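Please study the sequence and the model before reading each solution.

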Amino acid sequence: MKLYQFVIVSVLLFSGVVATAGPQEPPKRLGPGSLYAELKMAPEKYRAKINPLAQDADAVAAGGVLFEEHCEECHGREAMGGKKAPNLRAEEVQNAAPGAIFWILTNGVVRKKMPVWSKLPEPERWQLVSYIKSLGTDAAESKAAGKP
Amino acid sequence: MRTIPPNSLLLFVLRLAALVSGSLNLLASPPASHSQENPYIVAYDHNLEEPGSLEVEYFSTFGTQRGGPDFHAYWAEFEYGATAWWTTELYLAGQTTFGESTLFTGYRWENRFRPLKNEHLINPVLYAEFENTNAADKILKEVEGHDVEADYAVPNALARQERTREMEFKLILSSNYKGWNFTENTIATKNLSNEPWEFGYAMGVGRPLAMKGAAHRCNLCRQHFVAGVELYGGLGDRYSFGLRDTSHYLGAGLAWNLPSGWTFRIEPTFGLNDNSHQFLLRWGASREFSGFGSMVGGLFKGRQE
């Protein structure tokens with residue numbers, strides 16, 4: 001292998017990293033292009049699904065561990081979102097059907113950088129849904145804390 | 001509007017230093033997310049790298065060789081999730097043939113694209129790779145055409161003189177169903193010199209040892225282990241398609257995905273006919289670094305005004 005070929009490949013790869021990454025726009029909250037709007041695109045078949053682990057006492061705790069391992073990087077430790085990913089305590093998420101959240105986890109939103117999590121077995125995805133739904137909304141938290 | 005500093009050389013040096021220091025920080029601190037990898041070493045599934053994540057991987061293959069000395073081949077992979085639908089990867093490979101020599105055998109640059117937006121029963125991924133190696137390459141990352149064990153008995157001193165530049169294409173069809181992963185790869189390779197198209201296949205089945213996550217953080221919980229089997233081999237070339245004069249392998253693998261971002265794999269593999277190496281032992285370690293793209297982009301793109 002000639003050195004210049006290696007250098008060309010390295011430069012191409014590195015420029016690809018720079019071109020595809022970097023400072024990002026915060027995700028849009030509303031409108032047809034928003035990540036929250038994707039929840040509404042979940043097929044009825046998925047929306048109608050009932051979380052089979054809804055009564056499982058360990059599901060929320062296990063979902064919390066999975067969230068820490070897979071989701072926290074983008075959605076934040078408190079799931080309040082950030083530059084890369086939306087707030088999961090938003091009403092749009094908390095009011096969504098568990099099946100719709102499961103559908104997003106299964107399919108991702110690949111054009112908007114939300115990865116596909118179908119590689120996690122179904123029970124783990126439902127554990128994540130249990131955890132996300134247990135977070136409650138920002139508004140509910142403010143009310144409980146006596147904030148206006 | 002982007003600002004361009006006047007003393008750009010100094011800034012470039014500072015940024016380079018920051019990049020090196022940032023990389024060291026990434027190495028020193030645990031990444032916030034980890035991947036759930038299947039145990040395959042040859043077959044690909046449809047799960048791409050998470051966007052912005054860099055996975056650094058090291059793999060080894062120890063192989064027995066009839067008619068020549070055994071060998072240990074190894075390669076490093078740098079796998080980057082450019083987007084959620086595009087993963088790009090650079091390989092650097094080398095090998096040691098016992099009693100002969102150790103040498104660098106070349107590089108590969110591969111790209112995988114996920115054309116469909118949603119998850120389906122069967123999920124296609126398109127794969128394109130440029131390969132620039134010499135004939136001493138023994139990593140057996142794929143088996144194609146009429147690759148047979150005798151090809152690997154050529155002494156390093158001779159084999160290294162033959163340069164191979166190839167384009168390799170794969171159609172990856174993969175399914176995740178009830179915790180199982182099933183994948184099938186169809187391989188077509190074209191040597192850029194005037195040689196015919198060569199074909200091969202790889203398929204795999206894998207499953208985590210537990211379907212549910214544990215309610216506490218742990219390293220040895222069963223859900224972190226994924227067991228699987230993979231089968232791969234050559235299918236001849238354009239002029240002699242089929243199983244004649246081809247080699248085939250069956251491997252049983254285990255992957256251990258640690259919450260810290262490390263994955264360890266081991267796969268004993270057995271040759272299935274007289275054209276195959278009788279035994280290969282493959283193993284590897286990889287670590288995923290989340291946020292690598294943001295870190296690099298932040299360094300080089302400057303502030304937005």
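**Exercise 1.** Determine which residue in β7(B) is the bridge partner of S174(B), and how the strands concerned are joined.

*Solution.* The partner of S174(B) in β7(B) is T183(B). Strand β7 covers residues 180–191 of chain B, and twelve bridges join β6(B) to this antiparallel strand. Strands are DSSP runs of E with at least two residues, helices are runs of H or I with at least four, and both are numbered from the N terminus; two strands pair if DSSP finds at least two bridges between them. Two residues lie between β6(B) and β7(B) in their hairpin, where K178(B) in the turn has a positive phi of about 50°.

The model is predicted: local features need pLDDT of at least 70 and side-chain atom pairs pLDDT 80 or more, while totals for chains, interfaces and linings use all residues. Residues are numbered from 1 along each chain as its sequence is written, with chains lettered from A and ligands numbered from 1 in the order in which they are written.

**Exercise 2.** Identify the residue of β6(B) that stands opposite E131(B).

*Solution.* Strand β5 (residues 123–134) of chain B runs antiparallel to β6 (residues 163–177) of chain B, with twelve bridges between them. Opposite E131(B) stands E166(B).

**Exercise 3.** State how β8 and β9 of chain B pair.

*Solution.* Strand β8 (residues 198–208) and strand β9 (residues 225–237) of chain B are antiparallel, with ten bridges. Within this pairing, R207(B) has A227(B) as its bridge partner. In chain B, β1 to β12 form a closed barrel of twelve strands with antiparallel pairing.
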